[in-house]
Structures are given as structure tokens and as C-alpha cells.
Amino acid sequence: MRPLLRLIALISLCVGYALPAQAAVTITFWSHELGNSFPHAFFTLRGVPDSGGAPVDTNVGFTAKSVSPALLMGPVAGRLDIAKPSYVASSDAQFSVVMTDAQYIAVLRLVDAWSEGKPDSVYRLSDHNCVHFVKEAAGLVGLSALHQPRLMKKPRSYLKAVLAGNVGRVTPVEMHGKQYRASLGPIVSPGVAVAKGAASGMVTATAPPPLPAPR
């Protein structure tokens with residue numbers, strides 16, 4: 001359990017002002033279609049676990065360690081991708097799910113399993129890419145309609161298909177990232193010191209983490 005607890009501690013981020021705590025952690029699924037990089041899927045984690053603790057406000061995706069023609073030839077090294085706030089702001093939030101603490105822990109275990117050096121850190125464009133990563137997370141929070149073989153290289157189309165297949169089980173967002181982030185209120189956990197003014201972006205942990213820094 002120690003690596004998992006360390007992971008939780010390192011991605012739990014203090015944000016916001018002295019307002020009531022937001023109960024539970026919400027996972028939001030995102031797609032990114034713009035820029036020089038290829039289309040990407042990732043998710044954000046935001047809120048406070050029902051059991052208490054520091055607020056969480058972070059994001060994580062999965063990508064190839066380096067972009068090269070080798071991607072088309074077979075397996076390459078993969079890595080977790082923690083995006084900068086500007087990248088999140090230029091992405092699209094598709095839908096959200098409020099998680100139980102058990103689901104939150106399961107998602108953290110998924111992140112740990114796909115981290116660099118673990119067996120699941122191998123990137124394969126055909127069957128182990130960023131869309132497959134968010135598919136695994138969606139399964140852990142109880143969603144269905146996840147088998148979309150024609151869409152596994154199309155992040156936006158895949159997430160919209162999952163949204164359509166889970167009406168009543170997810171909260172539709174379908175907003176541009178900058179607009180969505182601006183609509184979110186601050187979060188704070190009772191009894192935890194917080195840093196004022198950090199609600200609109202994500203802050204990296206200061207201890208050496210197993211997760212990469214924002215790019």
C-alpha cells in the first residue's frame with residue numbers, strides 16, 4: 001500500500017479559498033484536438049475524498065514517451081502525461097462522474113499501473129494508447145458502452161460515444177476547457193491549509209513524484 005499512499009499524497013493538491021468542502025472526487029473526461037501533437041484523451045480528478053484529506057485537482061493521460069515513426073511499427077515506451085493548465089484550457093471537457101472513494105482509489109491504482117517502468121507503460125498505437133487509458137478509467141467508475149473499436153484512435157468521437165451510451169449515469173459537460181475551468185468553484189478540505197488563488201489551474205507536487213511534471 002505504501003506506493004499507492006505516496007501516489008495519493010503527491011497528486012493531492014491544495015487549492016482555493018475558505019469555502020465549504022466539495023464532497024467526493026469528480027473525474028472528468030477530456031479530449032484535445034488542436035496543436036502540433038496528435039489527438040489526445042485524458043481525465044482530470046477534482047474534489048475531496050468522502051473520507052477526508054487534502055483537496056485534489058490534477059490531470060493525467062497516457063502517451064508515447066517520444067513521438068516518432070516507431071509508433072507505426074509496434075510497441076514503444078509510454079509515459080504518464082500531466083498536462084499544463086494551458087493545454088487543459090485548450091482542450092474539451094466531455095462529461096463527468098462523481099466517484100466513490102473506492103472508485104477513486106481504483107483510478108489511482110490504474111494510474112500507478114500505467115506509470116513508467118510498470119508492465120502497462122508500453123504504448124501501442126493500435127490497442128494501448130491514450131483512449132484505451134481513459135477507457136480503463138471509465139470502466140472503473142461503472143460506465144458501459146466502452147467497446148468502440150472504430151473509435152480507439154479518435155479521442156473526441158470515442159468520448160462522445162461513451163457519453164451517449166451512459167445517459168443518466170454521467171454529467172454531460174461538453175464545454176471548452178477554458179470556459180469549463182472558469183465555471184468551477186474553489187475546493188477546500190476542512191482543517192487543511194490552502195493556497196489562495198489556485199482554483200483556476202493545477203499545481204504540481206513539490207516532492208519528487210513518480211508522475212511526470214506538466215509539459
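**Note on the predicted model**

1. The side chains of Ser 144 and Arg 169 make a polar contact at 2.4 Å. A polar contact here is a pair of N or O atoms within 3.5 Å; within protein, one must be able to donate a hydrogen and the other to accept it, and residues adjacent in sequence count only if both atoms are side-chain atoms. Ser 144 sits in the loop between α4 and α5. Helices (H or I, at least four residues) and strands (E, at least two) are DSSP runs, numbered from the N terminus.

2. On the basis of the values: this is a predicted model, in which local features need pLDDT of at least 70 and side-chain atom pairs count only at pLDDT 80 or more, while totals for chains, interfaces and linings use all residues. Residues are numbered from 1 along each chain as its sequence is written, and side-chain values use heavy atoms, with hydrogens and water left out.

3. What else does Ser 144 contact, leaving aside its neighbours within four places in sequence? Val 162, Gly 165 and Asn 166 are in contact with Ser 144, as is Arg 169; contact means heavy atoms within 4.5 Å. Ser 144 has a relative accessible area of 26% and is partly exposed. Buried means under 20% relative accessible area, exposed over 50%, and partly exposed in between (1.4 Å probe, protein chains only).

4. Ala 145, in the loop between α4 and α5, has a positive phi of about 60 degrees although it is not a glycine. Ala 145 is partly exposed, at 30% relative accessible area. Glu 174 lies in strand β7, and its phi, near 50 degrees, is again a positive value in a residue other than glycine. Glu 174 counts as partly exposed, at 49% relative accessibility.

5. Overall, the protein chain has 6 helices and 7 strands, in the sequence pattern α-β-β-β-β-α-β-α-β-α-α-β-α. Of its 215 residues, 45% are buried. Among contacts with a separation of 6 or more, 70% are between residues 24 or more positions apart. The accessible surface is about 10,200 Å², and carbon and sulfur atoms hold 59% of that surface. Accessible areas come from the Shrake-Rupley method with a 1.4 Å probe; for residues, only the protein chains shown count as cover.

6. The 7 strands form an open sheet with antiparallel pairing, in the order β6-β4-β3-β2-β1-β5-β7. β6 (122-123) and β7 (171-176) are at the edges with a single partner strand each, so one side of each has no neighbour in the sheet. Two strands pair if DSSP finds at least two bridges between them.

7. Strand β3 has 9 of its 9 residues buried. β3 runs antiparallel to β2, with 6 bridges, and antiparallel to β4, with 4 bridges. Phe 42 has Gly 61 of β3 as its bridge partner, and Thr 63 has Arg 79 of β4. Further out, 2 bridges join β4 to β6, also antiparallel; there, Ala 77 is partnered by Val 122 of β6.

8. Helix α3 lies across β1, β2, β3, β4 and β5, at about 140 degrees to β2. Helix α5 packs on the sheet and touches β1, β2, β5 and β7, its direction making about 35 degrees with that of β5. Axes are lines fitted to C-alpha atoms, for helices over the stretch in contact, and angles run from 0 to 180 degrees between N-to-C directions.

9. Which residues have the most contacts inside the largest nonpolar core? They are Ile 27, Phe 29, Phe 43, Leu 45, Phe 133 and Leu 143, in a core of 39 residues. A nonpolar core is a set of buried Ala, Val, Leu, Ile, Met, Phe, Trp, Tyr and Cys residues joined through side-chain atoms within 4.5 Å. The largest share of this core, 6 residues, comes from α4. A second, separate core of 8 residues includes Phe 42, Ala 83, Ala 93 and Tyr 180.

10. Helix α4 has several buried residues, among them Cys 130, Phe 133 and Ala 137. Just after α4, Gly 142 has a positive phi of about 90 degrees.
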